Amino acid sequence: MINKHDFLKKYNNEELFLQSGLSWKTLMEIAADYLSKTKIFKETAADFVQEISNLEPVHSVRFRIKNPEHLIEKIIRKSVEYENTDIQFNKDTYLIEITDIIGIRALYVFKSDYLPLHKILISKYKKNFCEKPQVKLRRGDDPSIYYGLKNVEFQNGVDYRSIHYTIRHINHEGIIIPIEIQTRSIFEEGWSEINHKLLYKREYSDIAEKALLIKTSSVLSSLAGDCDTLGDLMKSIAKREEDIDILDNSVLLDGRSIIDEIIKNH
């Protein structure tokens, strides 16, 4: 089991733990229940990954099962966040309140592929949604890039771009299995991986170093957005070439304007 002293030191959250009002015994009961269900979580994740991998707009899929320590750390944080509510965490409720026990990331090549994939996920899993799909946007992003989405919630100013679908799957044994599906482009994923490794939950003693990393990450995020724009432009040009019945010169005119604007900005 998890050693209390080592855990609180590792995550530097002793003050949060005390504020949460949770007992270590309760947390270890949650951890024991969680570990007893790990095999079920892995089997369920494998089933969903195989199903999602076969969807036409999907380029590739990654997944993870939540680390037991990360689960306990999150429960402590959420207990403090929800201290003025009736929400309680114990071994009977944590699978209801924590929504990302299984995390699945579905990647697509072209930014415009978000819409057909969204429609498929809605048709397959809507009855199991815990909440409306969440569209995550970085500060300064134009929400119109997701013009085709309806009945979703936009969250601005987060550290990444993604669409989240939260599912409460119940298996044949009646066990609740919370699954979070994230979708994003391969360019967004590339930036996100770099940002996660070098900035996410990482402390830097040198303030100037961290400031430069943050600025560099912001520039890289912007470039990833430009890559998505150019990818969709190339897709439009190729589609124009394939459709011999339509000669739409606006694609070429708009394309040149898009390229000129990107060059000007960089």
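Biologist: Is Glu14 buried, partly exposed or exposed in this structure?

Modeller: Happy to start there. This is a predicted model, and in it Glu14 is partly exposed, with a relative accessible area of 48%. The class follows from the cut-offs, because exposed means over 50% and buried means under 20%. Glu14 lies in helix α2.

Biologist: What is phi like at Asn151?

Modeller: Asn151 has a positive phi too, near 55 degrees, and is a residue other than glycine. You will find Asn151 in the loop between β3 (134–138) and β4 (153–158).

Biologist: Which elements have the lowest and the highest mean pLDDT?

Modeller: Helix α10 (residues 249–265) has the lowest mean, 68, while strand β2 (residues 102–108) has the highest, 98. They belong to a chain with 10 helices and 6 strands.

Biologist: Which contacts does Ile259 make beyond its neighbours in sequence?

Modeller: Ile259 lies in helix α10, the element with the lowest mean pLDDT. Leaving aside residues within four places in sequence, Ile259 is in contact with Leu230 and Leu233. Ile259 counts as partly exposed, at 37% relative accessibility.

Biologist: Where does Ser112 sit, and what does it touch?

Modeller: Ser112 is in the loop between β2 and α7 (114–125). Not counting residues up to four places away in sequence, Ser112 touches Asp232 and Lys235. The C-alpha atoms of Ser112 and Gly231 are separated by 9.3 Å, although the two are 119 residues apart along the chain. At 30% relative accessibility, Ser112 counts as partly exposed.

Biologist: Is Asp33 buried or exposed?

Modeller: Asp33 is buried, because its relative accessibility is 18% and the cut-off for buried is under 20%. Asp33 lies in helix α3 (residues 24–36). Beyond residues up to four places away in sequence, Asp33 touches Lys91 and Tyr94.

Biologist: Is Glu203 buried or exposed?

Modeller: Glu203 is exposed, with a relative accessible area of 71%. Its place is the loop between α8 (186–198) and α9 (207–242). Glu203 and Val135 are 68 residues apart in sequence, and 27 Å lie between their C-alpha atoms.

Biologist: On to cysteines. What is a disulfide, and how many does the structure hold?

Modeller: In general, a disulfide is a covalent bond between the sulfur atoms of two cysteines. This structure holds 0 disulfides. Two cysteines to inspect are Cys130, partly exposed at a relative accessible area of 31%, and Cys227, partly exposed at 30%.

Biologist: Zooming out, what are the dimensions of the chain, and how much of it is buried?

Modeller: The C-alpha atoms fill a box of roughly 70 × 50 × 30 Å along the principal axes. Of the 266 residues, 40% count as buried. The accessible surface comes to about 15,900 Å², and carbon and sulfur atoms account for 53% of that surface.

Biologist: What share of the contacts joins residues 24 or more positions apart?

Modeller: Among contacts in the chain with a separation of 6 or more, such pairs account for 66%.

Biologist: Last one: how many positive and negative side chains are there?

Modeller: The chain has 38 positive and 42 negative side chains. The centres of those two sets lie 2 Å apart.

Definitions and conventions:
Residues are numbered from 1 along each chain as its sequence is written. This is a predicted model: local features need pLDDT of at least 70, side-chain atom pairs count only at pLDDT 80 or more; totals for chains, interfaces and linings use all residues. Side-chain values use heavy atoms; hydrogens and water are left out. A disulfide is a pair of cysteine sulfur atoms within 2.5 Å. Buried means under 20% relative accessible area, exposed over 50%, partly exposed in between (1.4 Å probe, protein chains only). pLDDT is the predictor's confidence in each residue, from 0 to 100. Helices (H or I, at least four residues) and strands (E, at least two) are DSSP runs, numbered from the N terminus. Contact means heavy atoms within 4.5 Å. Accessible areas come from the Shrake-Rupley method with a 1.4 Å probe; for residues, only the protein chains shown count as cover. Lys and Arg count as positive and Asp and Glu as negative; His and the chain ends are not counted. The place of a charge is taken as NZ of Lys, CZ of Arg, CG of Asp or CD of Glu.
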